[in-house]
Amino acid sequence: MTMLHPDHGPRQLPLDLGHEPSHAEDDFLVGAGNAMAHARILAWPHWPDGVTLLIGPTASGKSHLARIFCERSQAVVVTPASIALIASESGQEAMLVEDVDRLDYDEHHLFHLLNQAMRGSRTLLLTAREEVAHWPLRTDDVRSRVRRAAVFRLEVSDDIELSQMFVKLFGDRQIKVDPKVIGYVVPRMERSSEEAATLVELMDKLALAKGSAITRTIASEALALRQQAHGLDRQQDWDAETDE
């Protein structure tokens, strides 16, 4: 949507049409922090072992790699509701279990899926945010098998990767942003993929509310709001620690 501005000519306005991130293989941004995980997914079906675990924070690219894996392997997507049925079958399809550390998967059935993959009858991709030591597992058998999985971590390692992530996140929302705005935000933000995703959403909302493109002024306002939020979080943590 374009409007005429008396001082600056045509101005591109973001449309709040809803958005779905692109999970196409060609749209995955490969950098130092995710290259090994990306190479692992592209190596399927020639994995030397049956179970692969991707670990990374929100918006680090785990879901994108999972979709690429599904596209390549035609994997069965396992959910907490379907895991019992899938574990009871002796299929040969590849399997995907996402957010295994946060969703309440039945451990008895998860154990069977891990065994199937480790015996070589099918391949299994797991994704998680936390390291295995922090998973709320109740059974040692499941924990021991997960620890034997090949682990690949996704990290945002430098300014270039963060800048690429901003381009991708804005692109998913069909928003074009001046690279100078991204260059302004990256050195001033908390260094994490979660923060990048939060800032993109916040800048989009601010621009929509103002009927404006995403400018350096809006980026500055979003950074200030995030700094304020971080300050409140730290104050709450401090109050909790000192509360008697």
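Predicted model: local features only at pLDDT ≥ 70, side-chain atom pairs only at ≥ 80, totals over all residues.
Helix axes are lines fitted to C-alpha atoms, taken over the stretch in contact, and the angles between them run from 0 to 180 degrees between N-to-C directions. Two packed helices are described by the angle between their axes and the distance between the axes. The crossing of α4 past α5 is left-handed. On the α4 side, the meeting residues are Glu107, Leu110, Phe111, Leu114, Asn115 and Met118, while α5 brings Asp141, Val142, Arg145 and Val146. By class, the residues of this contact comprise 6 nonpolar, 1 polar and 3 charged.

We turn next to the sheet. Its 5 strands form an open sheet in the order β4-β5-β6-β3-β7, and their pairing is parallel. Strands β4 (76–78) and β7 (150–153) stand at the edges with a single partner strand each, so one side of each has no neighbour in the sheet. On average, neighbouring strands are turned by 20 degrees against each other, direction ignored. Within the sheet, strand β3 (residues 51–55) and strand β6 (residues 124–128) run parallel and are joined by 5 bridges. Here Val51 stands opposite Leu124 in β6.

The largest pocket holds about 690 Å³ of space. It is lined by 32 residues, and the closest to its centre are Thr58, Ala59, Ser60, Gly61 and Leu169. Elements giving two or more residues to this lining are α2 (62–73), α6 (159–172) and α8 (193–210). The largest share, 6 residues, comes from α6. Sorted by class, the lining of the largest pocket has 11 nonpolar, 11 polar and 10 charged residues.

Some details of the backbone are also worth a look. Most residues other than glycine have a negative phi, and most peptide bonds are trans. Against that background, the peptide bond from Trp44 to Pro45 is cis, with omega near 10 degrees. Pro45 sits in the loop between α1 (35–43) and β3. Asp99, a residue other than glycine, has a positive phi near 50 degrees, and its place is in the loop between β5 and α4. Gln174, also not a glycine, has a positive phi near 60 degrees and lies in the loop between α6 and α7 (179–185).

Conventions. Residues numbered from 1 in each chain as written. Heavy atoms only, no water. Left-handed = near helix turned anticlockwise from the far one by under 90°. Helix = DSSP H or I, 4+ residues; strand = E, 2+ residues; numbered from the N terminus. Contact = heavy atoms within 4.5 Å. Nonpolar A, V, L, I, M, F, W, Y, C, P; charged D, E, K, R; others polar. 1 Å grid on protein atoms, 1.4 Å probe; cavity = no way out; pocket = protein on both sides within 12 Å on 5 of 7 lines; lining within 4 Å. Points joined across faces, edges and corners; volume = space filled by probe spheres on them. Pairing = 2+ DSSP bridges.
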